[in-house]
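Here is a short tour of side-chain contacts for someone meeting this structure for the first time. Take a look at the sequence and the model, then read on.

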Amino acid sequence: MSRIPMRSGIDWDEGPYYQSQRLVLYQEAAQKCLANGSAFLCFCPADRYAGGDAAEEGASGGTVRRVVRCSCRDGKPSSQDTKPAIRFKVPLSGRTEFQDAVFGRREFANEEIEDFVLLRSPRGDEAAGLPTYQLGAVVDDIEMRITHVIRGADHLSNTPKQVLLYRALGAEPPLFAHVPLILGPDRTRLSKRHGATSVISYRDEGFLPEALRNFLALLGWSAGGDQEFLRTRELVEKFSLEGVSRTNAVFDRAKLEWFNTQYLQKLPVEELLPEVERELKRSKLWRDEWANGAGREWFAKTVDLLRPRIRLLPDFSTWARAFFSDEFSYDPAAKEKFWKDERLPALLAKLADALEALPEWNHDACDHALRALAEAEAVKAGLLINATRVAIVGQAVAPPLFETMVVLGRERVIGRLRRALSVLTAK
RNA sequence: GGCGCCAUGGUGCAACGGUUAGCACAUCACCCUUUCAAGGUGGAAAUACGGGUUCGAUUCCCGUUGGCGCUGCCA
């Protein structure tokens with residue numbers, strides 16, 4: 001779990017803490033409740049409620065559950081189980097209220113709250129039981145002096161239990177802030193069923209952490225106006241609990257991808273380079289000469305040329321492979337679309353010769369050479385441009401041709417042009 | 001079933017009593033163009049329903065409907 005903030009670029013101040021190392025703390029807290037009368041030993045079988053549910057199935061088929069108060073709470077054990085659990089003794093009347101920064105003041109009738117378990121009954125040779133989430137969370141938060149508890153709205157209904165617990169332990173409840181849930185396309189709470197759901201899996205898919213943060217921040221929150229592209233810095237500056245909405249939000253992957261392309265395009269290249277480097281290393285295309293000096297400059301220029309057409313980081317390794325490796329293949333659709341003309345072999349051969357004879361290798365020189373040839377041969381420049389693109393990068397979709405030629409360098413371009421010839425004529 | 005929360009285009013957000021109901025994604029069309037993106041312009045598209053309150057409701061109140069959540073010796 002601690003890897004999530006680490007890999008998403010979110011900072012934390014202390015910890016991590018391990019519940020297993022803090023067991024006595026929870027057990028002491030439970031004992032304290034027992035001592036001051038806010039909890040009781042429950043001897044009921046652990047599966048009592050489950051069994052009861054089955055017995056209470058309504059005619060409609062729906063499971064009917066009730067708030068049950070067992071006789072243990074009055075000191076009359078309902079069974080002879082020698083290993084009791086500790087339950088909180090919820091008041092039979094009255095209301096429990098708390099302040100929520102996004103939902104406002106909330107009130108719950110105590111009679112609706114069940115006597116929840118604090119410490120589970122000991123298993124096997126355990127001396128004492130393990131804490132439930134309710135106990136663990138409250139004890140930890142009191143001990144760590146937590147002032148704001150910000151979490152999903154699915155905890156709203158459980159909050160009164162925790163407020164009761166805070167008071168029983170002699171502590172003042174913190175300020176709660178329940179934020180709306182993120183729903184899948186089917187409008188149920190986002191879960192593994194919906195595919196990639198954790199921060200890590202989106203990172204692995206090739207989304208930029210900052211784009212993901214920006215997208216997520218806007219799910220259930222807005223700065224008030226229409227601005228959407230907010231870098232993490234601005235997000236931190238502008239965020240406030242007051243701007244949080246109470247409506248659940250549906251996760252829209254298309255918009256996430258849009259944010260990613262925005263970041264891919266707008267980020268200063270230097271910020272993008274480490275991400276691309278990481279990706280190329282992953283795909284084994286990385287070469288150390290790109291780490292600094294002239295190699296770094298070439299790398300930056302290439303990434304800059306490529307990025308308007310990138311959607312996800314892995315595109316650098318797949319779609320843009322020809323820019324980083326001489327081993328690439330021709331996209332079948334590209335060949336189909338731009339290598340149809342039978343004059344091409346002859347034309348490309350002449351183009352290679354013309355380029356080879358160029359006194360200088362730059363954008364305009366390549367441009368002029370190609371257009372001059374097109375005119376001399378009475379063919380449209382587009383025919384040569386498109387066919388050449390496929391020949392040197394293997395794709396129909398790619399950056400503007402002459403910029404591509406400059407980045408690849410004369411030797412590569414001519415070599416690839418001639419290599420394409422053999423493929424064309426062999427066909 | 002009980003309790004709770006929510007309700008503006010397909011999606012995410014604005015408008016916090018008075019706007020021709022705004023922006024973005026997605027979608028459609030056109031422009032640009034060296035392919036494809038990007039970008040530009042334009043179009044279609046929403047206040048769930050019914051009652052109130054008010055001179056005036058997207059906005060406040062009630063009900064209905066719908067969605068979601070909680071209802072574990074899970075977290």
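Over the ring of which residue does the charged end of K266 sit? That would be F229: the charged end of K266 is 4.5 Å from the centre of its ring. R419 does something along these lines with F328, its charged end sitting over the ring at 4.7 Å from the centre. Keep in mind that this is a predicted model.

**Rings meeting rings**

Now for the aromatic pairs, which come to 19 in this model. One of them is F215 with F251, an edge-to-face pair with 5.1 Å between the centres and 80 degrees between the planes. Are they buried or exposed? F215 has a relative accessibility of 2%, so it counts as buried. F251 comes in at 11%, and therefore counts as buried too. The pair also belongs to a cluster, in which ring pairs link F215 and F251 with Y202, F207, W258 and F259.

Salt bridges are next, and the structure holds 29 of them.

| Salt bridge | N to O distance |
|---|---|
| R203 and E275 | 3.0 Å |
| E271 and R231 | 2.7 Å |
| R343 and D341 | 2.8 Å |

How exposed are the two? E271 has a relative accessible area of 36%, so it is partly exposed. R231, at 22% relative accessibility, counts as partly exposed as well.

With R343 and D341, the two partners fall into separate classes. R343 is partly exposed, with a relative accessible area of 42%, whereas D341 is buried, with 19%. The cut-off explains that label: buried means under 20% relative accessible area, so D341 falls within it.

Finally, some salt bridges share partners. In this way E205, R253, E257 and R311 are joined into one network.

Terms used
Residues numbered from 1 in each chain as written. Chains lettered and ligands numbered in written order. Predicted model: local features only at pLDDT ≥ 70, side-chain atom pairs only at ≥ 80, totals over all residues. Heavy atoms only, no water. Phe/Tyr/Trp six-rings, centres within 6.5 Å; stacked < 30°, edge-to-face > 60°. Buried < 20%, exposed > 50% of the residue type's maximum accessible area, 1.4 Å probe, protein only. Lys NZ or Arg CZ within 6 Å of the ring centre and 35° of its normal. Salt bridge = Lys/Arg side-chain N within 4 Å of Asp/Glu carboxyl O.
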